[in-house]
Amino acid sequence: MQTSRRQFLQMGVGVMAAGMSATLLQAKLANAAPIAPLTADQALEHLLIGNQRYISRKKMYLNQTQSRLQEVAQGQHPFAVILGCADSRVPPEILFDRGLGDLFVVRVAGNSLNDSTLASIEYAVRNLAVPLVMVLGHERCGAVTAVLEKQELPGHLSQFAAAILPAIEASAQEEGDRLDNAVRANIRFVTAQLRASTPVLAERVEAKQIKIVGARYDLDTGRAEVIA
């Protein structure tokens, strides 16, 4: 059966409208964070959707406009805390396709926990009412590698080594890639530490006011996978 020119044009308009609707829906979902407070699950969904955009090269560069700059100059309302590694290849705002005021980012070698990083996270949860905390580690982490290989760590480098060592020891008997096992164990270890941290975090976790998760970033694919 032949399709008339009018039918063809109508079909084209329908397809374009459907595509525009899907794009607008995605934009609405992606931009919901600044409009209203999110639950922890919604915040996590925003991060993972943004990461998928990043992987598929369909980034929207959200909240990076001049108007957004002026808006957040008056106050911040981030929807997630990211405790990430200081590695230059793992910038949270880029890999989650977010912008100004969206993420409260704390970065330190090996995404390890110390008094300063913990205090920063507590501030975001207590003072900014952030519902989600993510510990973001990554494959082939240099800090974890250094501790695993017992490299010489002069100066203050030994501080992150002490924080990572328990995860190294906990994963020693696991089968598979030794380094990746240690990276994953370190993410799980820090996530568990945060969940048990009293009084600020543990009480809110117990009351289901916040959620604390751990994720591993793949340097080769760009994917952030929740593992804890």
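Which residues does aspartate 87 touch, not counting residues up to four places away in sequence? I found Arg107 and His138, where contact means heavy atoms within 4.5 Å.

Ground rules, noted before going on. This is a predicted model, in which local features need pLDDT of at least 70, side-chain atom pairs count only at pLDDT 80 or more, and totals for chains, interfaces and linings use all residues. Residues are numbered from 1 along each chain as its sequence is written, and side-chain values use heavy atoms, with hydrogens and water left out.

**Entry 1: the loop residue.** I placed aspartate 87 in the loop between β1 and α5 (92-95). Helices (H or I, at least four residues) and strands (E, at least two) are DSSP runs, numbered from the N terminus. Is aspartate 87 buried or exposed? Aspartate 87 counts as buried because its relative accessibility is 16%. Buried means under 20% relative accessible area, exposed over 50%, and partly exposed in between (1.4 Å probe, protein chains only).

**Entry 2: the sheet.** I traced five strands in an open sheet, in the order β2-β1-β3-β4-β5, with mixed pairing. Two strands pair if DSSP finds at least two bridges between them. β2 and β5 (224-226) stand at the edges with a single partner strand each, so one side of each has no neighbour in the sheet. On average, neighbouring strands are turned by 25 degrees against each other, direction ignored.

**Entry 3: strand β1.** I checked how β1 is held. β1 runs parallel to β2, joined by five bridges. Isoleucine 82 stands opposite valine 105 in β2. β1 also runs parallel to β3, with four bridges. There, valine 81 has valine 133 as its bridge partner, and leucine 83 has valine 135. Five of the five residues of β1 are buried. Ala80, Ile82 and Gly84 lie on one side, Val81 and Leu83 on the other. In a regular strand the side chains alternate between the two faces of the sheet.

**Entry 4: helices on the sheet.** I looked at α6 next. α6 packs on the sheet and touches β1, β2 and β3. Its direction makes about 170 degrees with that of β2. Angles run from 0 to 180 degrees between N-to-C directions, and axes are lines fitted to C-alpha atoms, for helices over the stretch in contact. α9 lies across β1, β3, β4 (211-217) and β5, running at about 165 degrees to β4.

**Entry 5: α8 against α9.** I found helix α8 (residues 158-170) and helix α9 (residues 178-195) packed at about 115 degrees, with axes 8 Å apart. The contact includes Ala163 and Ile168 of α8, and Arg178 and Phe189 of α9.

**Entry 6: the cores.** I then went to the largest nonpolar core, which has 33 residues. A nonpolar core is a set of buried Ala, Val, Leu, Ile, Met, Phe, Trp, Tyr and Cys residues joined through side-chain atoms within 4.5 Å. Which residues touch the most other members? They are Leu83, Ile121, Val144, Leu194 and Leu201. The largest share of this core, six residues, comes from α9. Leaving aside neighbours within four places in sequence, isoleucine 121 is in contact with Val81, Leu83, Val106, Leu113, Val133, Leu194 and Leu201. Another core, of 20 residues, lies apart from the largest one, with Leu44, Leu103, Val213 and Leu219 among its members.
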